[in-house]
Amino acid sequence: MREIVLTEQQIADICTRLGRELTEELKNEEKFPVFIGVMNGALPFLMDLVRKVDLEFYMDFIQISSYSGTSSTGIVQLKKDISFDLQGRTAVIVEDIVDTGLSMAYLIKHVYSKNPKRVLVVSLFDKETSRKNDVKVDFAGVKDHGNQFLCGYGLDYQEIYRTTPYVFNLSPEEKTAIDERFVKEQTEK
């Protein structure tokens, strides 16, 4: 039986709370802010979150890679860049999880290179105790959650479990099953 970390209702409540907080924070912007979803993991969270933001805004997407399985490679690669002009606008980076801060430090620096007015960070999970880079999450759904490997609701293991509608701790048995299937698929090519 899976250890559920966040139920669908808890996720909905978090999105409602953060949507209200962001509406308040951004209500006096001179230019429409831009919400930037970090693909692929943050997409479910982004879509549920922005439905709760009661103001007009733009959306864009960025894709990076820094993980292999459950481990960070230590190298961030840009796979898809932002296409929207951020000049003078507030950019809101929406991420599923900020742990070591390596990816987020890269994202913040990269987004600032586009000359926004300011950059805000929103994350479903803010694992401050895992931080190796000095980055700040301005709006967090859940602060810290131990050292378990989380899956579901955008969070993945080997690109699996992203569509699970809740967040759970990946068990050793589930990890092994995915690893075995992954190896089998690779050898069948």
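This is a predicted model: local features need pLDDT of at least 70, side-chain atom pairs count only at pLDDT 80 or more; totals for chains, interfaces and linings use all residues.

Strand β7 is largely enclosed by the rest of the structure, because 4 of its 5 residues are buried. On to β5: 8 bridges join β5 to β6, and these two strands run parallel. The bridge partner of I93 in β6 is V121. To get from β5 to β6, the chain passes through helix α3, residues 102-112, in a right-handed β-α-β crossover. Strand β5 also pairs with β2 (residues 34-39), in the parallel sense and over 4 bridges. There I36 stands opposite I93 in β5.

In soluble globular proteins, nonpolar side chains tend to be buried together. The largest nonpolar core here has 28 residues, and the members that touch the most others are L6, L22, F35, F45, F125 and V167. At least two residues each come from β1, α1, α2 (43-50), β5 (90-98), β6 (118-126) and β7 (139-143). Helix α1 gives the most to this core, with 6 residues. Apart from it lies another core, of 21 residues, including A42, I108, V121 and V137.

Leaving aside neighbours within four places in sequence, L6 is in contact with I11, I14, L124, F125, V142, Y166 and V167.

Now for β1 and its surroundings. Three strands form an open sheet in the order β1-β9-β8, with antiparallel pairing. Which strands stand at the edges of this sheet? They are β1 (3-6) and β8 (150-151): each has a single partner strand, so one side of each is left without a neighbour in the sheet. Strand β1 is joined by 3 bridges to β9, residues 167-169, and the two run antiparallel. In this pairing, E3 stands opposite N169 in β9. Helix α1 (residues 8-26) lies across β1 and β9, running at about 15 degrees to β1.

Staying with α1 for a moment, E21 has its place in this helix. E21 counts as partly exposed, at 32% relative accessibility. The C-alpha atoms of E21 and V53 are separated by 8.4 Å, although these residues are 32 apart along the chain.

How many disulfides does the structure hold? It holds 0. The reason is distance: the sulfur of C15 is 18 Å from the closest cysteine sulfur, in C151, too far for a bond. A disulfide would need the two sulfur atoms within 2.5 Å. C15 is buried, with a relative accessible area of 1%. C151 is buried as well, with a relative accessible area of 0%.

Most residues other than glycine have a negative phi, and most peptide bonds are trans. The peptide bond from M39 to N40 is cis, with omega near 0 degrees, and N40 lies in the loop between β2 and α2. In the loop between α3 and β6 sits N115, whose phi is near 60 degrees, a positive value in a residue other than glycine. N115 is partly exposed, with a relative accessible area of 45%. E159 has a positive phi too, near 70 degrees, and its place is in the loop between β8 and β9.

Note on methods
Residues are numbered from 1 along each chain as its sequence is written. Side-chain values use heavy atoms; hydrogens and water are left out. Two strands pair if DSSP finds at least two bridges between them. Contact means heavy atoms within 4.5 Å. Axes are lines fitted to C-alpha atoms, for helices over the stretch in contact, and angles run from 0 to 180 degrees between N-to-C directions. A nonpolar core is a set of buried Ala, Val, Leu, Ile, Met, Phe, Trp, Tyr and Cys residues joined through side-chain atoms within 4.5 Å. Buried means under 20% relative accessible area, exposed over 50%, partly exposed in between (1.4 Å probe, protein chains only). A crossover is right-handed if, with the strands pointing away from the viewer, the path from the first strand over the helix to the second runs clockwise.
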